[in-house]
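Hello,

Here is the structure I promised to pass on.

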Amino acid sequence: MKSRVYFAAARCEDGPSVLAEKARAVLQATGFAARLEAEDFAALKIHFGEKGNTGHIKPAWLAGVVEDVRAAAPRLFLTDTNTLYVGSRSNSVEHIRLAWAHGFRPDILDVPVIIADGLIGNDRREVQGEAGRVASARLASGILGADAMLALTHVTGHVQTGIGAAIKNLGMGCASRAGKLDQHSVAHPRVQTKACLDCGLCYEHCAHAAISRVEGRACIDDARCVGCGECLVVCKHGAIKVRWDGDIRRIQEKVAEYALLVKKHFGPKLACLSFLLQISKDCDCMARSQAGIVEDIGICGSTDPVAVDRASADLVLERAGADPFRRGYDIDWSFQLSHGQAIGLGTNEYRRIELS
Ligand code: SF4
Ligand code: SF4
(Lines give C-alpha, C1' and ligand atoms only; values in the text may rest on other atoms or scores of the structure.)
(Ligands and ions follow the chains in the order given, each with its own letter.)
Protein backbone atom coordinates (compact mmCIF):
# COMPACT_ATOMS: atom_id res chain seq x y z
CA MET A 1 0.00 0.00 0.00
CA LYS A 2 1.23 3.48 -0.83
CA SER A 3 2.03 5.92 1.98
CA ARG A 4 0.73 9.44 1.82
CA VAL A 5 3.19 12.31 1.60
CA TYR A 6 1.77 15.81 1.87
CA PHE A 7 3.60 18.60 0.11
CA ALA A 8 3.42 22.39 0.07
CA ALA A 9 5.60 24.26 -2.40
CA ALA A 10 7.59 26.99 -0.66
CA ARG A 11 10.66 29.19 -0.91
CA CYS A 12 12.63 31.03 1.74
CA GLU A 13 11.61 34.24 -0.01
CA ASP A 14 8.01 33.55 1.03
CA GLY A 15 9.02 34.84 4.45
CA PRO A 16 8.78 33.28 7.92
CA SER A 17 5.06 33.77 8.52
CA VAL A 18 4.07 32.15 5.21
CA LEU A 19 6.49 29.28 5.80
CA ALA A 20 5.09 28.82 9.31
CA GLU A 21 1.56 28.51 7.95
CA LYS A 22 2.65 26.10 5.21
CA ALA A 23 4.48 23.92 7.73
CA ARG A 24 1.38 23.96 9.91
CA ALA A 25 -0.83 22.94 6.97
CA VAL A 26 1.44 20.02 6.08
CA LEU A 27 1.56 18.84 9.68
CA GLN A 28 -2.21 19.13 10.04
CA ALA A 29 -2.61 16.95 6.96
CA THR A 30 -0.62 14.17 8.67
CA GLY A 31 -3.06 14.22 11.62
CA PHE A 32 -0.17 14.24 14.11
CA ALA A 33 -1.60 16.63 16.69
CA ALA A 34 -4.96 14.83 16.70
CA ARG A 35 -3.22 11.66 17.90
CA LEU A 36 -1.57 13.37 20.89
CA GLU A 37 -2.88 13.28 24.44
CA ALA A 38 -2.67 16.12 26.93
CA GLU A 39 -0.22 14.28 29.21
CA ASP A 40 2.18 13.38 26.41
CA PHE A 41 5.77 14.55 26.37
CA ALA A 42 6.05 15.55 22.71
CA ALA A 43 9.61 15.71 21.34
CA LEU A 44 10.28 18.06 18.44
CA LYS A 45 13.47 16.46 17.11
CA ILE A 46 15.56 19.01 15.27
CA HIS A 47 19.15 19.90 14.33
CA PHE A 48 19.86 23.39 15.68
CA GLY A 49 22.70 23.95 13.19
CA GLU A 50 26.40 24.09 14.03
CA LYS A 51 27.89 27.43 15.04
CA GLY A 52 28.19 29.54 11.88
CA ASN A 53 25.74 27.40 9.90
CA THR A 54 22.92 29.36 8.30
CA GLY A 55 20.96 26.64 6.50
CA HIS A 56 19.26 25.07 9.52
CA ILE A 57 15.51 25.23 10.16
CA LYS A 58 14.63 28.64 11.55
CA PRO A 59 12.53 29.01 14.72
CA ALA A 60 10.07 31.35 12.99
CA TRP A 61 9.18 28.61 10.49
CA LEU A 62 7.90 26.50 13.38
CA ALA A 63 5.48 28.99 14.94
CA GLY A 64 2.34 27.33 13.56
CA VAL A 65 3.55 23.80 14.22
CA VAL A 66 4.42 24.65 17.81
CA GLU A 67 1.05 26.28 18.36
CA ASP A 68 -0.83 23.19 17.16
CA VAL A 69 1.32 20.70 19.05
CA ARG A 70 1.15 22.80 22.21
CA ALA A 71 -2.66 22.93 22.02
CA ALA A 72 -2.78 19.12 21.97
CA ALA A 73 0.18 18.31 24.23
CA PRO A 74 1.48 21.23 26.33
CA ARG A 75 4.57 19.28 27.45
CA LEU A 76 6.40 19.71 24.17
CA PHE A 77 10.15 20.24 23.95
CA LEU A 78 12.80 20.77 21.31
CA THR A 79 15.51 18.18 21.33
CA ASP A 80 18.66 16.85 19.71
CA THR A 81 21.60 14.70 20.82
CA ASN A 82 25.26 15.54 21.31
CA THR A 83 27.76 15.04 18.49
CA LEU A 84 30.86 12.89 18.13
CA TYR A 85 32.87 15.58 16.42
CA VAL A 86 34.55 18.68 17.83
CA GLY A 87 32.19 21.63 17.57
CA SER A 88 29.64 23.50 19.62
CA ARG A 89 27.21 20.62 20.08
CA SER A 90 29.30 17.95 21.79
CA ASN A 91 27.98 18.68 25.32
CA SER A 92 24.62 19.92 26.52
CA VAL A 93 25.82 23.23 27.94
CA GLU A 94 27.30 24.46 24.67
CA HIS A 95 24.59 22.75 22.64
CA ILE A 96 21.78 24.61 24.45
CA ARG A 97 23.66 27.90 24.24
CA LEU A 98 24.03 27.39 20.49
CA ALA A 99 20.32 26.60 20.14
CA TRP A 100 19.57 29.87 21.94
CA ALA A 101 22.00 31.74 19.70
CA HIS A 102 20.13 30.38 16.67
CA GLY A 103 16.87 31.70 18.03
CA PHE A 104 15.43 28.64 19.78
CA ARG A 105 14.84 30.73 22.89
CA PRO A 106 11.90 30.93 25.29
CA ASP A 107 11.14 34.51 24.23
CA ILE A 108 10.80 33.43 20.57
CA LEU A 109 9.24 29.94 20.57
CA ASP A 110 8.62 29.37 24.28
CA VAL A 111 9.60 25.72 23.98
CA PRO A 112 12.28 24.28 26.30
CA VAL A 113 15.42 22.84 24.73
CA ILE A 114 16.42 19.48 26.21
CA ILE A 115 19.45 17.59 24.94
CA ALA A 116 18.22 14.03 24.94
CA ASP A 117 21.44 12.18 25.78
CA GLY A 118 22.40 14.27 28.78
CA LEU A 119 25.32 16.46 29.73
CA ILE A 120 28.03 14.65 27.80
CA GLY A 121 26.09 12.27 25.59
CA ASN A 122 26.10 9.17 27.76
CA ASP A 123 22.50 9.13 29.01
CA ARG A 124 21.23 6.18 27.05
CA ARG A 125 19.11 3.07 27.10
CA GLU A 126 19.73 -0.13 25.23
CA VAL A 127 17.00 -1.37 22.94
CA GLN A 128 17.24 -4.78 21.34
CA GLY A 129 17.65 -4.59 17.58
CA GLU A 130 15.09 -6.20 15.31
CA ALA A 131 16.90 -6.38 11.98
CA GLY A 132 20.25 -7.64 10.73
CA ARG A 133 23.04 -5.24 11.62
CA VAL A 134 22.14 -3.80 15.03
CA ALA A 135 22.04 -6.25 17.94
CA SER A 136 21.40 -3.60 20.56
CA ALA A 137 20.77 0.09 19.86
CA ARG A 138 22.00 2.75 22.28
CA LEU A 139 19.28 5.36 22.07
CA ALA A 140 19.18 8.65 23.99
CA SER A 141 17.21 8.35 27.24
CA GLY A 142 15.39 11.61 26.60
CA ILE A 143 14.04 10.24 23.33
CA LEU A 144 12.75 7.04 24.91
CA GLY A 145 11.23 9.06 27.76
CA ALA A 146 9.00 10.92 25.32
CA ASP A 147 5.56 9.74 24.20
CA ALA A 148 5.42 11.37 20.78
CA MET A 149 7.87 12.67 18.23
CA LEU A 150 7.77 15.13 15.39
CA ALA A 151 10.96 14.80 13.34
CA LEU A 152 11.75 18.27 11.97
CA THR A 153 14.33 17.71 9.25
CA HIS A 154 16.34 19.99 7.01
CA VAL A 155 17.03 17.89 3.91
CA THR A 156 20.65 18.13 2.73
CA GLY A 157 23.40 16.09 1.16
CA HIS A 158 25.63 14.11 3.49
CA VAL A 159 29.23 12.95 3.43
CA GLN A 160 28.45 9.42 4.64
CA THR A 161 24.83 8.70 3.81
CA GLY A 162 24.50 10.69 0.57
CA ILE A 163 21.39 12.45 1.80
CA GLY A 164 20.63 13.59 5.32
CA ALA A 165 16.87 13.48 5.74
CA ALA A 166 14.19 12.00 8.03
CA ILE A 167 15.71 8.52 8.36
CA LYS A 168 19.03 10.07 9.34
CA ASN A 169 17.34 12.45 11.77
CA LEU A 170 15.61 9.53 13.49
CA GLY A 171 18.38 6.94 13.30
CA MET A 172 21.57 8.87 13.94
CA GLY A 173 19.92 11.90 15.51
CA CYS A 174 18.17 9.96 18.29
CA ALA A 175 21.24 7.89 19.19
CA SER A 176 23.46 8.58 22.18
CA ARG A 177 27.17 9.03 21.51
CA ALA A 178 27.64 5.28 21.97
CA GLY A 179 24.90 4.69 19.42
CA LYS A 180 26.52 7.08 16.98
CA LEU A 181 29.83 5.28 17.48
CA ASP A 182 28.10 2.00 16.77
CA GLN A 183 26.62 3.32 13.52
CA HIS A 184 29.86 4.95 12.39
CA SER A 185 32.04 1.99 13.32
CA VAL A 186 31.57 0.44 9.90
CA ALA A 187 33.18 3.40 8.07
CA HIS A 188 36.95 3.32 7.61
CA PRO A 189 38.52 6.47 6.22
CA ARG A 190 41.89 6.25 4.50
CA VAL A 191 44.37 8.96 3.59
CA GLN A 192 45.52 8.98 0.00
CA THR A 193 49.07 10.00 0.75
CA LYS A 194 49.84 11.40 -2.70
CA ALA A 195 46.97 13.87 -2.36
CA CYS A 196 47.77 14.93 1.23
CA LEU A 197 49.42 18.35 1.45
CA ASP A 198 50.06 18.09 5.20
CA CYS A 199 47.94 21.18 5.89
CA GLY A 200 47.10 19.86 9.37
CA LEU A 201 43.36 20.59 9.29
CA CYS A 202 42.29 17.00 9.87
CA TYR A 203 44.64 16.65 12.86
CA GLU A 204 42.90 19.59 14.53
CA HIS A 205 39.38 18.39 13.80
CA CYS A 206 39.70 14.76 14.81
CA ALA A 207 38.12 14.58 18.29
CA HIS A 208 39.62 11.15 18.87
CA ALA A 209 43.29 11.93 18.23
CA ALA A 210 43.29 9.28 15.53
CA ILE A 211 45.31 11.25 12.96
CA SER A 212 49.01 11.86 13.23
CA ARG A 213 51.76 13.07 10.94
CA VAL A 214 53.89 10.28 9.50
CA GLU A 215 56.68 11.26 7.10
CA GLY A 216 54.96 14.57 6.35
CA ARG A 217 51.55 13.06 5.58
CA ALA A 218 48.39 12.43 7.59
CA CYS A 219 47.98 8.90 8.84
CA ILE A 220 44.85 7.43 10.50
CA ASP A 221 45.15 5.01 13.40
CA ASP A 222 42.32 2.49 12.93
CA ALA A 223 42.44 1.56 16.62
CA ARG A 224 41.44 5.10 17.60
CA CYS A 225 39.24 6.07 14.65
CA VAL A 226 35.51 5.89 15.37
CA GLY A 227 34.47 6.60 11.78
CA CYS A 228 32.74 9.92 12.52
CA GLY A 229 33.66 11.26 9.07
CA GLU A 230 34.75 14.71 10.27
CA CYS A 231 38.13 14.43 8.53
CA LEU A 232 36.42 13.64 5.21
CA VAL A 233 34.57 16.90 5.36
CA VAL A 234 37.37 19.17 6.52
CA CYS A 235 40.03 17.99 4.04
CA LYS A 236 39.88 20.52 1.23
CA HIS A 237 42.16 18.47 -0.96
CA GLY A 238 40.07 15.32 -1.25
CA ALA A 239 42.86 13.32 0.34
CA ILE A 240 40.63 11.34 2.71
CA LYS A 241 38.25 8.73 1.35
CA VAL A 242 36.12 5.91 2.67
CA ARG A 243 35.35 2.71 0.84
CA TRP A 244 32.15 3.99 -0.71
CA ASP A 245 30.77 0.58 -1.53
CA GLY A 246 30.66 -1.71 1.50
CA ASP A 247 31.22 0.85 4.26
CA ILE A 248 28.66 3.30 2.97
CA ARG A 249 26.03 0.65 2.48
CA ARG A 250 26.52 -0.72 5.99
CA ILE A 251 26.33 2.66 7.69
CA GLN A 252 23.07 3.47 5.89
CA GLU A 253 21.63 0.14 6.92
CA LYS A 254 22.54 0.71 10.55
CA VAL A 255 21.01 4.19 10.49
CA ALA A 256 17.77 2.73 9.09
CA GLU A 257 17.72 0.04 11.79
CA TYR A 258 18.11 2.62 14.55
CA ALA A 259 15.34 4.67 12.91
CA LEU A 260 13.07 1.61 12.95
CA LEU A 261 13.48 1.27 16.72
CA VAL A 262 12.61 4.94 17.18
CA LYS A 263 9.57 4.56 14.97
CA LYS A 264 8.42 1.49 16.89
CA HIS A 265 8.81 3.33 20.20
CA PHE A 266 6.43 6.08 19.10
CA GLY A 267 4.06 4.05 16.95
CA PRO A 268 1.26 6.27 15.60
CA LYS A 269 2.58 9.24 17.57
CA LEU A 270 5.39 9.84 15.09
CA ALA A 271 5.36 12.24 12.17
CA CYS A 272 8.04 13.67 9.90
CA LEU A 273 8.16 17.20 8.55
CA SER A 274 10.97 17.75 6.06
CA PHE A 275 12.08 21.20 4.87
CA LEU A 276 13.45 21.28 1.31
CA LEU A 277 14.81 24.79 1.63
CA GLN A 278 18.43 25.93 1.36
CA ILE A 279 19.42 22.40 0.36
CA SER A 280 23.19 22.15 0.62
CA LYS A 281 25.89 19.65 -0.27
CA ASP A 282 26.71 19.02 3.39
CA CYS A 283 24.50 18.81 6.45
CA ASP A 284 23.95 21.46 9.13
CA CYS A 285 26.95 20.16 11.09
CA MET A 286 29.01 22.40 8.82
CA ALA A 287 30.12 25.52 10.69
CA ARG A 288 29.53 27.81 7.75
CA SER A 289 27.04 29.12 5.24
CA GLN A 290 26.60 26.82 2.29
CA ALA A 291 25.40 27.47 -1.23
CA GLY A 292 22.24 25.71 -2.38
CA ILE A 293 22.62 22.73 -4.74
CA VAL A 294 19.08 23.12 -6.06
CA GLU A 295 16.38 25.77 -5.84
CA ASP A 296 14.07 25.88 -2.80
CA ILE A 297 11.28 23.33 -3.16
CA GLY A 298 8.95 23.25 -0.17
CA ILE A 299 7.85 21.20 2.83
CA CYS A 300 6.94 17.48 2.90
CA GLY A 301 5.17 15.64 5.68
CA SER A 302 4.25 12.04 6.36
CA THR A 303 4.01 9.44 9.08
CA ASP A 304 6.29 7.21 6.98
CA PRO A 305 10.02 8.08 7.21
CA VAL A 306 10.92 6.10 4.09
CA ALA A 307 8.16 7.63 2.00
CA VAL A 308 8.94 11.18 3.08
CA ASP A 309 12.62 10.69 2.22
CA ARG A 310 11.77 9.07 -1.13
CA ALA A 311 9.41 11.92 -1.95
CA SER A 312 11.98 14.50 -0.85
CA ALA A 313 14.67 12.92 -3.03
CA ASP A 314 12.28 12.65 -5.98
CA LEU A 315 11.36 16.34 -5.68
CA VAL A 316 15.03 17.28 -5.68
CA LEU A 317 15.71 15.10 -8.73
CA GLU A 318 12.67 16.53 -10.54
CA ARG A 319 13.95 20.07 -10.04
CA ALA A 320 17.64 19.47 -10.58
CA GLY A 321 17.65 16.88 -13.35
CA ALA A 322 20.94 15.16 -12.61
CA ASP A 323 21.29 14.03 -9.01
CA PRO A 324 22.86 16.98 -7.12
CA PHE A 325 23.52 14.82 -4.04
CA ARG A 326 25.75 12.50 -6.09
CA ARG A 327 27.53 15.47 -7.59
CA GLY A 328 28.53 16.41 -4.03
CA TYR A 329 29.50 12.93 -2.85
CA ASP A 330 29.31 9.98 -5.20
CA ILE A 331 27.29 7.90 -2.78
CA ASP A 332 24.34 5.70 -3.57
CA TRP A 333 21.99 7.09 -0.92
CA SER A 334 19.21 4.70 -1.85
CA PHE A 335 20.50 1.93 0.48
CA GLN A 336 18.86 3.59 3.50
CA LEU A 337 15.55 3.62 1.63
CA SER A 338 15.67 0.07 0.29
CA HIS A 339 16.88 -1.32 3.62
CA GLY A 340 14.28 0.79 5.44
CA GLN A 341 11.57 -0.78 3.31
CA ALA A 342 12.97 -4.28 3.78
CA ILE A 343 12.93 -4.03 7.59
CA GLY A 344 9.49 -2.40 7.90
CA LEU A 345 10.48 1.23 8.50
CA GLY A 346 8.24 2.35 5.64
CA THR A 347 7.77 2.11 1.92
CA ASN A 348 9.22 3.71 -1.19
CA GLU A 349 5.73 3.62 -2.70
CA TYR A 350 3.93 6.84 -1.96
CA ARG A 351 1.23 9.16 -3.16
CA ARG A 352 2.13 12.84 -3.18
CA ILE A 353 -0.74 15.05 -2.13
CA GLU A 354 -0.13 18.68 -3.02
CA LEU A 355 -1.55 21.29 -0.68
CA SER A 356 -2.42 24.68 -2.09
S1 SF4 B 1 43.28 17.80 5.80
FE2 SF4 B 1 43.78 16.60 3.95
S3 SF4 B 1 45.56 17.60 3.06
FE4 SF4 B 1 45.37 18.38 5.16
S5 SF4 B 1 46.69 17.03 6.39
FE6 SF4 B 1 44.64 16.13 6.45
S7 SF4 B 1 44.59 14.67 4.73
FE8 SF4 B 1 46.36 16.00 4.41
S1 SF4 C 1 40.13 9.85 11.75
FE2 SF4 C 1 38.28 8.75 12.32
S3 SF4 C 1 37.70 9.62 14.29
FE4 SF4 C 1 39.16 11.05 13.36
S5 SF4 C 1 37.90 12.56 12.27
FE6 SF4 C 1 38.41 10.94 10.80
S7 SF4 C 1 36.69 9.51 10.89
FE8 SF4 C 1 36.59 10.79 12.75
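Predicted model: local features only at pLDDT ≥ 70, side-chain atom pairs only at ≥ 80, totals over all residues.

Residues are numbered from 1 along each chain as its sequence is written, chains are lettered from A and ligands numbered from 1 in the order in which they are written, and side-chain values use heavy atoms, with hydrogens and water left out.

Helices here are DSSP runs of H or I with at least four residues, numbered from the N terminus. The axes of α1 (residues 16-30) and α2 (residues 63-72) come within 6 Å and cross at roughly 40°. Contact (heavy atoms within 4.5 Å) involves Ala20, Ala23, Arg24, Leu27 and Gln28 on α1, with Ala63, Gly64, Val65, Glu67, Asp68 and Val69 on α2.

Helix α6 (residues 177-184) is largely enclosed by the rest of the structure, because six of its eight residues are buried; buried means under 20% relative accessible area with a 1.4 Å probe, protein chains only. Those residues are Ala178, Gly179, Lys180, Asp182, Gln183 and His184.

In α12 (residues 334-343), the buried residues include Phe335, Leu337 and Ile343.

Finally, ligand 2 is surrounded by 13 residues, each with a heavy atom within 4 Å of it. The closest are Cys206, Cys225, Cys228, Gly229 and Cys231.

Best wishes

Conventions:
Buried < 20%, exposed > 50% of the residue type's maximum accessible area, 1.4 Å probe, protein only. Helix = DSSP H or I, 4+ residues; strand = E, 2+ residues; numbered from the N terminus. Axes fitted to C-alpha atoms, helices over the stretch in contact; angles between N-to-C directions.
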